[in-house]
Amino acid sequence: MDGKTHLVAGVLAGIGIVALENKLGIGNNLDKVLLVAGCGLGSLLPDADHPEAPAGRILPLWIFFKHRTYTHSLFFMLLVGLLGLIFHINIWLTAGLVLGIFTHLLLDCTTPMGIRWFYPFI
Ligand SMILES: [Zn+2]
């Protein structure tokens with residue numbers, strides 16, 4: 001699946017969450033922008049394990065990991081969330097990153113190659 005598809009799905013998920021937040025009346029406008037931006041970034045992040053993907057050119061994790069292994073697992077999603085909390089990254093940006101990664105995993109699991117959600121364990 002290409003980066004544009006992942007980006008659109010991630011941003012749409014973020015907008016959906018913002019729409020829900022608007023009904024609940026939580027968060028300010030900056031938080032909402034950070035959430036959507038985080039979703040967009042997070043939706044591209046797992047493909048940093050591929051040298052030709054946009055994220056792979058900026059953050060070359062493909063040097064260390066094979067494609068669709070560690071960065072395409074729930075482990076990676078949780079790791080990004082934990083790092084965001086540990087380093088006190090804005091909670092809305094962190095939540096957006098996690099949600100964006102989740103949308104990426106959801107889309108990639110529908111492809112013939114699929115993903116291993118619990119890599120390296122299962
Ligand atoms: Zn992918």
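Cys 39 is buried in this predicted model, because its relative accessible area is 0%. Cys 109 is in no disulfide either. The structure holds zero disulfides.

| Cysteine | Relative accessibility | Class |
|---|---|---|
| Cys 39 | 0% | buried |
| Cys 109 | 31% | partly exposed |

Next, the metal site. Which residues are the protein donors of the zinc ion? They are Asp 47 (OD), His 72 (NE2), His 104 (NE2) and Asp 108 (OD). These donors lie 1.9 to 2.3 Å from the zinc ion. Their spacing in sequence is D-x24-H-x31-H-x3-D. Asp 47 and Asp 108 link distant parts of the chain, 61 residues apart. Asp 47 sits in the loop between helix H2 (29-44) and helix H3 (54-58), while Asp 108 belongs to helix H5 (residues 91-108). Both Asp 47 and Asp 108 are buried.

Why is the arrangement irregular? The four donor atoms subtend angles of 87 to 171° around the zinc ion, whereas a tetrahedral site needs all angles between 85 and 135 degrees.

His 72 lies in the loop between H3 and helix H4 (74-86). His 72 counts as buried because its relative accessibility is 0%. Its side chain makes a polar contact with the side chain of Asp 47, at 3.0 Å. Leaving aside residues up to four places away in sequence, His 72 touches several others, including Pro 46, Asp 49, His 67, His 104, Asp 108 and Arg 116.

Technical notes
Residues numbered from 1 in each chain as written. Predicted model: local features only at pLDDT ≥ 70, side-chain atom pairs only at ≥ 80, totals over all residues. Heavy atoms only, no water. Donors = N, O, S within 2.8 Å, 3.2 Å for Na, K, Ca; no water. Tetrahedral: all angles 85-135°; square planar, octahedral: opposite > 155°, others 65-115°. Helix = DSSP H or I, 4+ residues; strand = E, 2+ residues; numbered from the N terminus. Buried < 20%, exposed > 50% of the residue type's maximum accessible area, 1.4 Å probe, protein only. Polar contact = N/O pair within 3.5 Å; in protein donor to acceptor, adjacent residues only side chain to side chain. Contact = heavy atoms within 4.5 Å. Disulfide = S-S within 2.5 Å.
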